[in-house]
Amino acid sequence: MKKSPLQRKTPLRRTGIKRKPKSALQKRKDDTGSTYWRNRADKLWSELVRSQGKCAKCGKVGRTEAHHLLTRARKHLRHKLENGIELCMRCHKYGPESAHDDPTAFSQWLGMAEPEKYAWVSRNRHKTFYGKPDYKQAYEDLLAIKERRG
Ligand SMILES: [Zn+2]
């Protein structure tokens with residue numbers, strides 16, 4: 001009969017069996033849909049989208065932000081580079097005709113200036129995704145893109 005740990009003659013710590021409970025951090029790392037991976041993928045996505053150092057709309061050089069063409073609530077598309085565009089703060093959120101302030105005008109501009117991105121958005125706008133997003137995979141895909149870019 002198998003002995004329970006309490007009946008063992010050899011203490012557990014000498015058997016090499018680790019029974020230490022997982023740390024909260026380890027649990028987050030083990031969960032590929034956790035905010036641990038989402039935050040890492042968010043940061044890398046933003047860095048890769050902001051690769052030109054200038055606004056795609058007005059050409060302003062300097063501090064830029066990464067705008068999601070389809071909302072980042074669309075979890076399965078949140079970390080696709082096709083879904084991002086580099087904008088200055090004014091064109092992104094804070095100007096009178098910013099992407100967030102006037103999405104219709106922004107969409108019209110996108111269709112003229114960035115037809116490939118516009119086509120991608122149109123193709124994906126109504127797509128439905130099922131299941132939990134794999135943010136760890138998204139992070140690793142972005143990391144591979146970063147390494148290819150060098
Ligand atoms: Zn701008």
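The secondary structure of the protein chain, taken from a predicted model, consists of 7 helices and 2 strands. Read from the N terminus, these elements follow the order α-α-α-β-β-α-α-α-α. The chain has 150 residues, of which 21% are buried. Among contacts with a separation of 6 or more, 59% are between residues 24 or more positions apart.

The largest nonpolar core contains 20 residues, and Ala41, Leu87 and Tyr139 have the most contacts inside it. Two or more residues each are supplied by helix H3 (35-49), strand S2 (84-88), helix H5 (103-113) and helix H7 (135-149). The largest contribution is that of H3, which gives 5 residues. Contacts of Tyr139 were examined with its neighbours within four places in sequence left aside; Tyr139 is then in contact with Trp37, Arg40, Ala41 and Leu44.

H7 is made up of 15 residues, and the distance from its first C-alpha to its last is 21 Å, close to the 21 Å expected at 1.5 Å a residue. Tyr135, Ala138, Tyr139 and Leu142 are the buried residues named in this helix. Viewed down the axis of H7, the buried residues lie within an arc of 100°, and they therefore line one face of the helix. Ala144, Glu147 and Arg148, on the other side of H7, are exposed. The cover over the buried residues of H7 includes H3. After H7 comes Gly150, which has a positive phi, near 80°.

A further position examined was Cys58, located in the loop between H3 and strand S1 (64-68). Cys58 has 11 C-beta neighbours inside 10 Å and is therefore classed as exposed, since the cut-off for an exposed residue is 12 or fewer. With its neighbours within four places in sequence left aside, Cys58 is in contact with Cys88 and Cys91. Cys58 and Leu87 are separated by 29 residues in sequence, while their C-alpha atoms are 8.1 Å apart in space.

Terms used
Residues are numbered from 1 along each chain as its sequence is written. This is a predicted model: local features need pLDDT of at least 70, side-chain atom pairs count only at pLDDT 80 or more; totals for chains, interfaces and linings use all residues. A nonpolar core is a set of buried Ala, Val, Leu, Ile, Met, Phe, Trp, Tyr and Cys residues joined through C-beta atoms within 7 Å. Helices (H or I, at least four residues) and strands (E, at least two) are DSSP runs, numbered from the N terminus. Two residues are in contact if their C-beta atoms, placed from the backbone, lie within 7 Å. The expected span of a helix is 1.5 Å times one less than its number of residues. The arc is that of the directions from the helix axis to the C-beta atoms.
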